[in-house]
Protein chains: 2
Amino acid sequence: MGLFVQKYGGTSVGTTDRIKAVADKVIGFKKQGHDVVVVVSAMSGETNRLIALAKDMQEKPDPREMDVLVSTGEQVTIALLCMTLKDKGYDAKSYTGGQVKILTDSAHTKARIQNIDVENMRSDLSEGRIVVVAGFQGVDEHGNITTLGRGGSDTTGVALAAALKADECQIYTDVDGVYTTDPRVVESARRLEKITFEEMLEMASLGSKVLQIRSVEFAGKYNVPLRVLSTFSDGPGTLITLDEEYANMEQPVVSGIAFNRDEAKVSILGVPDAPGVASKILSAIGDANIEIDVIVQNVAADNNNDLTFTVHRNDVEKAASILEDISEELGARKVVTDDKIAKVSIVGVGMRSHAGVASRMFSALANENINIQMITTSEIKISVIIDEKYLELAVRALHSAFELDQAAE
Amino acid sequence: MGLFVQKYGGTSVGTTDRIKAVADKVIGFKKQGHDVVVVVSAMSGETNRLIALAKDMQEKPDPREMDVLVSTGEQVTIALLCMTLKDKGYDAKSYTGGQVKILTDSAHTKARIQNIDVENMRSDLSEGRIVVVAGFQGVDEHGNITTLGRGGSDTTGVALAAALKADECQIYTDVDGVYTTDPRVVESARRLEKITFEEMLEMASLGSKVLQIRSVEFAGKYNVPLRVLSTFSDGPGTLITLDEEYANMEQPVVSGIAFNRDEAKVSILGVPDAPGVASKILSAIGDANIEIDVIVQNVAADNNNDLTFTVHRNDVEKAASILEDISEELGARKVVTDDKIAKVSIVGVGMRSHAGVASRMFSALANENINIQMITTSEIKISVIIDEKYLELAVRALHSAFELDQAAE
C-alpha cells in the first residue's frame, strides 16, 4: 500500500461534474488501500476571471493583494472536492497553503517553497482521511498569503510528495503522457513509458508544455518519481525518473523531438573583431530584460564579426531597436531580424554514450534539403534553428531517422 | 482625529466600480485625518454562486468545507479594495479573518467571535495604512476557517470596533438610516437621528431588516456607537447608542412602527383546563424546531381552553399536523390555522415613562375598525396581530397617532 500525491489541473476540475469525476479517480486509489493526498488547481477560467477583476482596480495590481485574490481560486476547489468525496462516503479534509502550512519566501506571485509541515496531513492520513491541498499557494513567515506563480500547482504536488516521501507524484492532465513529439505534427508519435528528469527538462523547456519546468527540477532534486497521466482516460502515463542506469542501458539514443516557433533571430553584422564587443551587445539586451536563447558568432575573413542570437518573438523589435542604438557606436554595419524561424531539438540521455548522433541529425535534415541556420548543443540535446516553413518536415524526418515511431519494447 | 470602523455590505461592493466608489468614501475619511478600518462583505451574488456550487456537490454541504468555500467571497473583495486604494495613492493592507486573527469557536457556518488580535492592525494604522478586513469570517483554535453566518459582516465590524475601541462603527448599506417605519408603506416616514440599542433590537427583530440583530446586541453589550448610513448618498444616517438619558428626555414615546407578514396563527380549541397541557403542546412544537412567537390562552367558561400561537408561515403546516397528532390524546376539539395575519408593533424606550400608550394604540386601531386578534407587550414595545388586509392601514394610523411624521426637532 503506497502513498500517492495526485495533482489535478484546472481543466481536470473545470466543472462540478469534472470535480466529481476526479473524486471517483481518487476513491479508486483509496479503495486499493493507498493513502492519497490530492493537490488541485483553480477551476479553469477562474484565475483569469480574478486577474481581470484585479486589472480593473489597478493597472499593475499590488503583488501582495494579487496573491490574496488569486489564491481564492484553489480554495474554492479544495472545498468542493472534499464535499463530493464526503458525499460519496469518504472522509476528507481540505487545507489551504497556509493551513498545511507550506512556508515560502515573501516573493509575492512567484514565491519559492522553503518548508512544509507534514504533521497534520500525516495524522489525517493515519485516520483514513483523504487530504486535499490547494495548489499554487503558501504563506510567508509573517502570515502573508503567497503564490508560486502560474503552473505552481505542479510544484506544490512535487514538494508535498518530497516532504511526505510519497511513492509517486502523479500529475493528471489532459494528455495521457509525454510523447516522442507532438502527435499533431507526427501521427506516429508514441507515448514514452519512461523518461529521465533531465530529458523531461529539455523537452519542457523546448516547448513540450506538459509539466512546469520548476516542478520537474524539484522532482529531480528530491528524487520524487513523477508520473504524467490523463484525468480523462485510464492508462499508465509516462514515468519521469532519475533512473539513469535504465536510461543508459535501454533507452534509445534519442527520446524525443521538441520544437518551438516562439523565437526570432536578430543579427548585428559587420561588428569589429575586438574584445568586449559581444559582451557589450549582449549586456545591452540583458539590461532590457530580454532573454537570449541561441547565440552564434562568425568570425569573418576581414576581422568583421557577425553576431546572431535568438530571442522571444515578442521581444524582437525591442532587441533590434537596442542594437540600432549601439550599432553606430560599435561601428557595426547593419542590424537584421528574422522571425520566420523555428527551433527543432533532439533530446536523449543516450547521446552521452553514443557517437554520431549530430551527424545523423544533420544528414536527416540535409536529405530533405533543410538548411541549418544555427546550431547549439548540450550533453543530452542538439538544437537547430531552421526556416519556419520546414518545421513539420524536419520534425517528421528526425522522428523517423531516430526510429521513434517504433516501440522500444 | 478619530478611529472609524466602516462596514460595506455586498451591494456596496457589488461591482468593481462600486468598490472604487467605496475607496473614495474611505479616502474622504482618511483625508480628514481619521484612521479607518474597513470591513467588507462578498460582492453581491458571489456567496449565492458559491453556495450553488456546494449544493451541486453535496445535498447538505459539509459545514467545515462550506466555510472554506464561502470565505473566499470576502477574500476577493479585500484584495480588490486594497488594490484600488493603492491605485489612488493610499497605502492599504488586507486581512482575512484568520490573518487578523479573529478567533471564534468551532461552530462552522454560525461561529461566535471569542477574541480579536488588534496588534497588527494597530501597527498598520500607526504607519498610516488603511486596514481592510474580510467580514463574516474567522478561524478557530485549530486553524480551521469559520464563518459567522449570513450577515455576519456587521458583527465583524462591531467586534473590531469594540476590540479597537473605535469612536464609531459605521454600517454602510443601501438605505440612508433607520426610519420610523417602512417608507414604502407610509410616505411620511422619517429617518431617525438617533435610536437606542434596545429599540433597534425590537425594530430589527420585528422586521426592519437594516442591521443584523447579533451585531446590535454586540454593539449594545460593548457600548460601541453604531451608525447606519448609505453607501450611495451622503448624510448623517442614524446613530444607535446606549444613551438612555437622551432617550428618556427627548425621545418621543414611540420611536417607530415595525411590522411583518411572515407569521401565521395556529389555534388548538377546546383543550381541557388541566395542568401541563399548554406545556405539552408547546414542547411538541419546540421539539420540531419550530419557533413560536406570540402565545395567547383563553380560559373559557366551561373549563375548556383555546390556545393560540403564531409561527413562521413556512412552519404552519408542520405545526398544525403536530397538533392534529396530539389533539385526540389531549381531548381537544379542533385545530385551526390562519396565515392571513400580520403583526404590527410600536417600539419606544419612552413607553417606560409614559402611561396610556397601549390605549392610544388600541383606539387608533379601533378608529379604523381594525380588530385586534392577539396582543403581546414588552417593556419597550406593544405588538398586535391583526388581519393581514389591514396591515398598511394600521401602520399608517399608528404612525400618525404617535406623531411620527413630525420631526422631533
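Which residues does Asp124(B) touch, not counting residues up to four places away in sequence? They are Lys93(B), Arg129(B) and Val131(B). Keep in mind as you look around that this is a predicted model.

**Around Asp124(B)**

- You can find Asp124(B) in helix 5 of chain B, which covers residues 119-126.
- Asp124(B) counts as partly exposed because 19 other C-beta atoms lie within 10 Å, and a buried residue would need 20 or more.
- Pro225(B) is 101 residues away from Asp124(B) along the chain, and the C-alpha atoms of the two are separated by 23 Å.

**Helix 1 of chain A**

- Helix 1 of chain A runs over residues 16-31, which makes 16 residues.
- After helix 1 of chain A comes Gly33(A), with a positive phi near 95°.

**Two helices that cross in chain B**

- Helix 10 (residues 277-287) and helix 11 (residues 316-330) of chain B have axes that come within 10 Å and cross at roughly 145°. This crossing is right-handed.
- From helix 10 of chain B, Val277(B), Ile281(B), Ala284(B) and Ile285(B) take part in the contact. They meet Ala319(B), Ile322(B), Leu323(B), Ile326(B) and Leu330(B) of helix 11 of chain B.
- By class, the residues of this contact are 9 nonpolar, no polar and no charged.

**Where chain A and chain B touch**

- Each chain brings residues to the contact: 27 from chain B and 27 from chain A.
- On the side of chain B that touches chain A, the elements giving two or more residues are helix 1 (16-31), helix 2 and helix 3 (63-87) of chain B. Helix 3 of chain B gives the most, with 14 residues.
- That side of chain B is made up of 14 nonpolar, 8 polar and 5 charged residues.

- Most residues other than glycine have a negative phi, and most peptide bonds are trans.
- In chain A, a cis peptide bond links Val100(A) to Lys101(A), with omega about -10°. Lys101(A) sits in the loop between helix 4 (97-100) and strand 4 (102-104) of chain A.
- In chain B, Val100(B) and Lys101(B) are joined by a cis peptide bond, with omega about -10°.
- Thr109(A) is not a glycine, yet its phi is positive, at about 70°. This threonine belongs to the loop between strand 4 and strand 5 (113-116) of chain A.
- Asn223(A) has a positive phi near 50° and lies in the loop between helix 8 (213-221) and strand 11 (226-230) of chain A. Asn223(A) counts as exposed because it has 12 C-beta neighbours inside 10 Å.

Notes
Residues are numbered from 1 along each chain as its sequence is written. Chains are lettered from A and ligands numbered from 1 in the order in which they are written. This is a predicted model: local features need pLDDT of at least 70, side-chain atom pairs count only at pLDDT 80 or more; totals for chains, interfaces and linings use all residues. Helices (H or I, at least four residues) and strands (E, at least two) are DSSP runs, numbered from the N terminus. The expected span of a helix is 1.5 Å times one less than its number of residues. Axes are lines fitted to C-alpha atoms, for helices over the stretch in contact, and angles run from 0 to 180 degrees between N-to-C directions. A crossing is left-handed if the near helix is turned anticlockwise from the far one by less than a right angle, and right-handed if clockwise. Two residues are in contact if their C-beta atoms, placed from the backbone, lie within 7 Å. Ala, Val, Leu, Ile, Met, Phe, Trp, Tyr, Cys and Pro count as nonpolar, Asp, Glu, Lys and Arg as charged, and the others, Gly among them, as polar.
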